[in-house]
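Trainee: I have this model open and would like to talk it through with you. Could we begin with pockets, and with what that word covers here?

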Amino acid sequence: MSEMRFIDDQAHRSARLAISQLFLDTELDELDLKSIARELTATGLPVEELQWIYETEVAPACWRNLRALPGGAWSGFDERSLTTAINQHRIKASNLNFWHRLLVRRWTSDTSQQWRQVLALIQSSPDASRQSKL
């Protein structure tokens with residue numbers, strides 16, 4: 001994966017908020033996944049960068065929500081608290097080694113199937129030509 005730095009613009013904040021919905025303690029249906037895909041497509045960010053945000057920014061900050069007892073947040077993450085958590089937990093590109101890759105697999109294990117569905121929806125959208133392929 002290419003080295004990408006933390007970027008705090010509106011497109012990236014919107015992408016983080018959309019991706020964080022995968023980590024809410026709720027069942028997401030097809031309409032929810034389509035909505036997430038539309039939000040991500042609207043950011044104009046390439047799929048490779050969305051994957052980076054999912055794995056190294058949102059997952060490290062949000063995965064605990066799905067494991068929290070008794071249940072985690074289910075209505076949504078506040079943008080400010082999400083950004084604070086991401087800044088505390090994100091993996092920097094220079095630190096992405098074998099052990100971090102294993103942690104990413106753990107952090108995304110509960111959401112990886114839905115994430116693949118979202119990516120498929122993005123790539124099949126009419127705006128997919130703007131987005132790079134994985």
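Mentor: A pocket here is an open set of points on a 1 Å grid over the protein atoms alone, with protein on both sides within 12 Å along at least five of seven lines. Please keep in mind as we go that this is a predicted model.

Trainee: OK, how much space lies in the largest pocket?

Mentor: The largest pocket holds about 190 Å³ of space.

Trainee: And which helices supply at least two residues each of its lining?

Mentor: Those are α3 (47-67), α5 (98-108) and α6 (112-123), each of which gives at least two residues to the lining of the largest pocket. The lining itself consists of Gln51, Tyr54, Glu55, Arg101, Val104, Arg105, Thr108, Ser112, Trp115, Arg116 and Leu119.

Trainee: How does that lining split by class?

Mentor: In the lining of the largest pocket, four residues are nonpolar, three are polar and four are charged.

Trainee: Let me step back to the overall fold. How many helices and strands does the protein chain have?

Mentor: There are six helices and zero strands in the protein chain, and the pattern read along the sequence is accordingly written α-α-α-α-α-α. Of its 134 residues, 41% count as buried. If you take the contacts with a separation of 6 or more, 83% of them are accounted for by residues 24 or more positions apart.

Trainee: Let's look at one helix pair. At what angle do α1 and α4 cross?

Mentor: The axes of helix α1 (residues 10-20) and helix α4 (residues 79-89) cross at roughly 95° and come within 11 Å of one another. Because of that angle, α1 counts as roughly perpendicular to α4.

Trainee: Which residues make that contact?

Mentor: On the α1 side the contact is made by Arg13, Arg16, Leu17 and Ser20, and on the α4 side by Glu79, Leu82 and Ile86. Sorted by class, the contact of α1 with α4 has three nonpolar, one polar and three charged residues.

Trainee: And what do the buried residues of α1 pack against?

Mentor: They pack against α2 (30-43), α3, α4 and α6. The buried residues of α1 are Ala11, His12, Ala15, Arg16, Ala18, Ile19 and Ser20.

Trainee: Then how far from Gln114 is Asp29?

Mentor: Their C-alpha atoms are separated by 9.4 Å, although Asp29 and Gln114 are 85 residues apart along the chain. Asp29 lies in the loop between α1 and α2, and at 41% relative accessibility Asp29 counts as partly exposed.

Trainee: What about α3, where do Val47 and Thr56 stand on accessibility?

Mentor: Val47 lies in helix α3 and, at 1% relative accessibility, counts as buried. Thr56 also lies in helix α3, and with 0% relative accessibility Thr56 counts as buried.

Trainee: How far apart in space are Val47 and Ile122, and Thr56 and Ile91?

Mentor: From C-alpha to C-alpha, Val47 and Ile122 are 8.1 Å apart in space and 75 residues apart in sequence.

Notes:
Residues are numbered from 1 along each chain as its sequence is written. This is a predicted model: local features need pLDDT of at least 70, side-chain atom pairs count only at pLDDT 80 or more; totals for chains, interfaces and linings use all residues. Side-chain values use heavy atoms; hydrogens and water are left out. On a 1 Å grid over the protein atoms alone, a cavity is a set of points where a 1.4 Å probe fits but cannot get out, and a pocket is an open set with protein on both sides within 12 Å along at least five of seven lines; lining residues have an atom within 4 Å of a point. Grid points are joined across faces, edges and corners, and a volume is the space filled by probe spheres set on the points. Helices (H or I, at least four residues) and strands (E, at least two) are DSSP runs, numbered from the N terminus. Ala, Val, Leu, Ile, Met, Phe, Trp, Tyr, Cys and Pro count as nonpolar, Asp, Glu, Lys and Arg as charged, and the others, Gly among them, as polar. Axes are lines fitted to C-alpha atoms, for helices over the stretch in contact, and angles run from 0 to 180 degrees between N-to-C directions. Angles under 35 degrees count as roughly parallel, over 145 as roughly antiparallel, 65 to 115 as roughly perpendicular and the rest as oblique. Contact means heavy atoms within 4.5 Å. Buried means under 20% relative accessible area, exposed over 50%, partly exposed in between (1.4 Å probe, protein chains only).
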